[in-house]
Amino acid sequence: MHPAIAVPIYAGLTIINGAMTEFCIRHWPFTANAARKIRPFWLIPHLLISLAPVAGTFLENSHMRFALMGVGNIYLGYFLYYGVTLALLMLFAGLATLITSRRFSSLYGIILCLSLICGFTTATYGMFHAQEIQVRRYDIAVDKPGKDMTVVFVADLHLSVNSELSTTVKMVDLINRENPDLVLVGGDIFTSSYEALFDPQYYSSALSNIRSRLGVYGVYGNHDVDEPLLGGFPMAPLSEAFRTPRMEQFMKDSGFTMLSDETVLIDGFLQLIGRVDGEKAGDGTNNRMSAAELLKGIDRAKPVLVLEHEPREYHELKEAGADMVLSGHTHNGQFFPGNLIVPLFNENGWGYKVVDGLQTLVTAGIGYYGPPIRVGTDSEISVIRLTFQQESGT
Ligand SMILES: [Fe+2]
């Protein structure tokens, strides 16, 4: 989204939020007489903190920028649930006034208090809940010869200014407890900035502790590039979105083998294909090989597992010979009502689903972007018991 559109939208929402708050204070008999006196005490802090996300987006890299970015992201969670609750309740109050032709002055006090309570409790719960990791288990059979294995799949770590190192450590511990044969990482390791990650060496050190018999393989996602974000939305054109060498070095330090339109043969039979992200290739373009080009040389007698950040092009991948696709990106909507919207725009927005005969799995991921909250969805790792036709003699 262009800043010329995003900033006025954000400013407009902030003004509407402030105007609704002022309306409630003025019409609630308890505060009506003191409305003018108390205005500076809520309006000035509100305006100052609402500038944090914008400043965090457009300032040059500095500790101040990243601090404002972190505060701004947290603020957006509270802003969202307070503002939406306030707007909905005021709509009901307005309709009640229209229908009954009566003014419910005391109702505005209830609306204001309910909105504050709902905004505070929901966003605070969401911040704590986002740090809890669930383990989701899947049994998936591929009708081709191979050796059964345990695959742990994670995605959307979204390491950034609001990340908790303890959550990454917890994730590594949960992965290792499964004694995985193979660990796969489905992109969005960063949130559009390497510099926003405080103490990156601690994170790469934690990630390097993942124990996997056959290795750790990953792909990059649309946020594994350097670009400014406002509320999670990119504020620069695609031509300026580049992956930095530091991001690539971080992956090496973490012990991950990143695949960019590449195929590797795992354990002599599993063809693992890592796709370049279709939205941001990391070189200022969205160029990548088509599904047909990428899978051209595969052996269709052997299993083909595609790792792709965004859950798209299922039909093209099936046509090209893929047996299974693992993706992330959707976060399962991350916070309500996003979890209700995601299924409307994705053939598979979350979990396991067979699409056109292709086995697909989409994880909700570990991290978050925009507000550091999860409401109505979980941070998760996916543990897949992958079974194959047993090869003769085994
Ligand atoms: Fe993504």
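Predicted model: local features only at pLDDT ≥ 70, side-chain atom pairs only at ≥ 80, totals over all residues.
Where is Glu 308 found?

1. Glu 308 sits in the loop that runs between strand E10 (304-307) and helix H10 (314-320). Despite being a loop residue, Glu 308 counts as buried, because it has 28 C-beta neighbours inside 10 Å and the cut-off for burial is 20 or more. Setting aside neighbours within four places in sequence, the contacts of Glu 308 are Val 219, Arg 275, Val 325 and Ser 327. Gly 186 is 122 residues away from Glu 308 along the chain, yet the C-alpha atoms of the two are separated by 6.4 Å.

2. Val 306. Val 306 belongs to the largest nonpolar core and is listed among the residues with the most contacts inside it. Not counting residues up to four places away in sequence, Val 306 touches Ile 273, Arg 275, Leu 317, Ala 322 and Val 325. Arg 275 and Val 325 are also contacts of Glu 308.

3. The nonpolar cores. The largest core has 61 residues. Besides Val 306, the residues with the most contacts inside it are Phe 153, Val 154, Leu 184, Leu 307 and Ala 322. Both domain 1 (3-129) and domain 2 (134-389) give residues to this core, so it lies between them. Another core, of 24 residues, lies apart from it; Leu 80, Tyr 81, Leu 86 and Ile 111 are among its members. As background, nonpolar side chains tend to be buried together in soluble globular proteins.

4. The two domains. The chain is divided into domain 1 (3-129) and domain 2 (134-389), and their C-alpha centres lie 35 Å apart. To the contact between them, domain 1 gives 22 residues and domain 2 gives 17 residues. On the side of domain 1 that touches domain 2, the elements giving two or more residues are helix H1 (3-27), helix H3 (35-58), helix H4 (63-100) and H5. H4 supplies the largest share of that side, 8 residues.

5. Helix H5. Helix H5 covers residues 105-129. Its 25 residues should span 36 Å at 1.5 Å a residue, and the end C-alpha atoms are 36 Å apart, which agrees. Buried positions in H5 are Tyr 108, Ile 111, Leu 112, Ser 115, Gly 119, Thr 122, Ala 123, Gly 126 and Met 127. One of these, Ile 111, is also a member of the core of 24 residues.

6. Ile 110 is found in helix H5, and with 14 other C-beta atoms within 10 Å it is partly exposed. The C-alpha atoms of Ile 110 and Val 362 are separated by 41 Å, and the two residues are 252 residues apart along the chain. His 46 lies in helix H3. With 15 C-beta neighbours inside 10 Å, His 46 counts as partly exposed. Between the C-alpha atoms of His 46 and Tyr 75 the separation is 9.8 Å, for 29 residues along the chain.

7. Packing of H6 and H7. Helix H6 (residues 165-177) packs with helix H7 (residues 200-207) at an angle of about 10°, and their axes are 9 Å apart. That angle makes H6 roughly parallel to H7. Leu 165, Thr 168, Val 169 and Val 172 make the contact from H6, and Tyr 202, Tyr 203, Ala 206 and Leu 207 make it from H7.

Key:
Residues numbered from 1 in each chain as written. Core = buried A, V, L, I, M, F, W, Y, C linked by C-beta atoms within 7 Å. Buried ≥ 20, exposed ≤ 12 C-beta atoms within 10 Å, placed from the backbone. Domains from an automatic or database assignment. Contact = placed C-beta atoms within 7 Å. Helix = DSSP H or I, 4+ residues; strand = E, 2+ residues; numbered from the N terminus. Expected span 1.5 Å × (residues − 1). Axes fitted to C-alpha atoms, helices over the stretch in contact; angles between N-to-C directions. Parallel < 35°, antiparallel > 145°, perpendicular 65-115°, else oblique.
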